[in-house]
Amino acid sequence: MPERLLLTGNHAAAYGAMLARSEVISAYPITPQTMIVELLSELTASGRLDAKFITVESEHSAMAACVGASAAGARAYTATSGQGLALMHEMLHWAVGARLPIVLTNVSRAMAPGWSIWSDQSDILSQRDVGWMMLFAESVQEAQDFIIWMYRVAEQVFLPGMVGMDAFILSHTAEPLIVHDQEAVDEYLPGFQPLYDLDPEQPRAYGGLVNRDHYFELRYKVYENMERAGQLLIDAGEEFGEVLGHKYTPLEGFMLDDADYVLVSAGAMTSNVRQAVRDLREKGIKAGLLRVIAFRPFPVKQIRQKLGGRKKVAVLDRNMSAGHSGIFAEEIRSALLGRPDAPPVYGYVVGIGGRDVRVETAHEVMNDLLVRDEPEMSLFVGVKGLPIGPLRSDYEIRPLEPLEVMR
Amino acid sequence: MRWVVPEAEHMAEGTLGCQGCGGALSMRLVLKELGQDAVAVLPACCWSIIDGPWPVHALDIPVLHTAFETAAVVATGVKAAKTIQGKDTTVVAWAGDGGTFDIGLQALSGAAERNEDILFICYDNEAYMNTGIQRSSSTPTGTWTTTTPDQRPEARPKKDIMGIIAAHRIPYAATATAAYPEDLEHKVRTAVSIKGGMRFLHLLSVCPPGWKMEADQAIEVMRRAVRSKVFPLYEIRNGREYTITHWPDDLPIEDYFSLQGRFKPLLGNDEMLELVRENVEERWQTLLARHERSHSGAPA
Ligand SMILES: Cc1ncc(C[n+]2csc(CCOP(=O)(O)OP(=O)(O)O)c2C)c(N)n1
Ligand code: SF4
Ligand SMILES: [Mg+2]
């Protein structure tokens, strides 16, 4: 029988790895992810989870251990955050080139300096181009379920996948969680069937020197399988509903059908944006929400369908690519580029370094969107001393002033 | 004790190694005693090339190539998977001195400290050869490399990797070289037979182009390294019990250095040469004392 518990996002992730029957787990502590490592240590030590837990000396090594384990045919899992994910970078590429369906949970936090453990999507989005699938969880339930959903697809396309969840807002917040029945999960996610597993009976070399006459094709195959993953995520998300009771999709709309003004968001802040959309509807404003769940593969076609013909689109980014714009905004713009019905896309940068993104923040964004003509690349929301709007060098920014405590 | 070198070959002829490559010969000899139920993990090093470009593969065990600094931990991951699957496969991490002494040291220390059930083998050619002969922390005093040119040769002594490994108190560590194949095979056999913990082999491996010498002197030069006490052959059990396995004679160190063009700066600098001589002697005396203590019947 499924169990109903009150758990944090971190503990839910550990349960996800357990329900998925991860066989080799290797991870390194970092705030705010540490609880995942601790709980998985407990679960393996007590025998509740029959897995090997390798207490490595760094995140680089955590991913390297997963690479070794997965190459030898085991289902491998790790979890990290911020600096740890950055340190893994080289091995993230390795997992892709070696075509290893490792799953990782990243608790998104801001990058140092200054040291900040607070919510910010810059860490995970900096890994945009490594070739990992990426899902953004909004709830504790999803922090658990997306791991299972991800393995289901990863092991069909032989690509790794990461599940992002927000620091503290999700990682440390307790919500009701349905811990699925193990037998049902086993039905949904059978054991890993590797194509190769370093079998001494078949002495092959893996990942060695490859000349210019082959490398391009190997990468083409990565691209091809990432494309396949788009449909597989849809299918596996649907099947998740049939077998485990929650249907998941790469994109999720809320009050979208007749919306003129669409707010686009990803991750835990979406809950507040959703509330703002409800409020706006009550005021008679035709607002809607589009939540991006799958970031890689990016659901380009569906985004065109969902956003084509709208009056205005505002993308909320809890991250920014200096010299360009918020990364979700950038991706949405490029998906819509050249479409005859493409709406103007306004990029809003919010909540950097864990500054609150409240229901009021979403209202502020909508108020600005309604009156603004030019779809700016980056409109900053909540920088001290700077009214909402684009970069303006004639304003005095006041970093040392304490944050106004929210009314 | 009868020491033998098995005749069976497990490495294809015609690898991409240079003539006289000690790294290639070391692998060939190690495979003879490794057994067939084995997997090798290769970080970036000359062996990334020697094994051949895809789809060529020179060894008759599987090889997993990996990033430069990850040999020990990728091997750990492979071993974890094999263990979960109920297999007893020997997992070998095979790294150069760069992948052991330098960039690979963190993961190596982690694996050694956790006493992972892997066999780590370092083939040590005393520089980064893959990238064209740059110094490593294994490069000895007075050596020319492309980053320690004749005008500013390597000033520091070679890092004491065996001391570092011994400090981790792993069950077995040993030095060896292909110039003494029976001794090497004995150590591989011993390392393979000790299960359940970390084993480490440090193999001095000549590199004729990197050492600026003739390929036909490859075996001779490694032999002289042992005879002159520059590279003594010994074993360490549990980080404490030392056994010298081959007794050097009193070959002058100059006879080792003079075979190699890379030591030209050293041989032209009397002061530096004296320092090196003292250093070799001091290390030998330390080793000897440890050997004697280990074999005196007194607690080691
Ligand atoms: C992170 C990283 N930095 C640098 C390199 C480039 N690189 C490849 S092999 C190598 C040197 C290898 O030296 P060593 O381990 O001594 O092996 P050898 O080539 O001498 O056999 C270097 C610097 C790399 N592959 N990865
Ligand atoms: S450069 Fe040296 S180590 Fe590399 S293959 Fe040639 S001889 Fe061997
Ligand atoms: Mg080297």
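Predicted model: local features only at pLDDT ≥ 70, side-chain atom pairs only at ≥ 80, totals over all residues.
User: Let's start with the layout. Which domains is chain A divided into?

Analyst: Chain A is split into domain 1, covering 3-244, and domain 2, covering 252-380. Taken over C-alpha atoms, the centres of domain 1 and domain 2 of chain A are 27 Å apart. The contact draws 28 residues from domain 1 of chain A and 28 residues from domain 2 of chain A.

User: How do I read the area buried between domain 1 of chain A and domain 2 of chain A?

Analyst: The size of an interface is often given as the accessible area lost when the parts come together. Here, domain 1 and domain 2 of chain A bury about 2,000 Å² between them, and carbon and sulfur atoms give 55% of that. On the domain 1 side, A:Gln121, A:Arg128 and A:Glu138 lose the most area to domain 2, together 33% of what that side buries.

User: What about charges: how many salt bridges does the rule find across the interface?

Analyst: The rule finds 5 salt bridges between domain 1 and domain 2 of chain A. A:Glu138 forms a salt bridge with A:Arg274, with their closest N and O atoms 2.7 Å apart. As for polar contacts, the count between the two domains is 16 residue pairs.

User: Which helices and strands of chain A each supply at least two residues of the side of domain 1 that touches domain 2?

Analyst: They are helix H5 (122-125), strand E6 (133-136), helix H6 (140-157) and helix H8 (215-244). H8(A) gives the largest share of that side, 5 residues. By class, the side of domain 1 that touches domain 2 has 17 nonpolar, 5 polar and 6 charged residues.

Definitions and conventions. Residues numbered from 1 in each chain as written. Chains lettered and ligands numbered in written order. Heavy atoms only, no water. Domains from an automatic or database assignment. Contact = heavy atoms within 4.5 Å. Buried area = accessible area lost by both parts, 1.4 Å probe. Salt bridge = Lys/Arg side-chain N within 4 Å of Asp/Glu carboxyl O. Polar contact = N/O pair within 3.5 Å; in protein donor to acceptor, adjacent residues only side chain to side chain. Helix = DSSP H or I, 4+ residues; strand = E, 2+ residues; numbered from the N terminus. Nonpolar A, V, L, I, M, F, W, Y, C, P; charged D, E, K, R; others polar.
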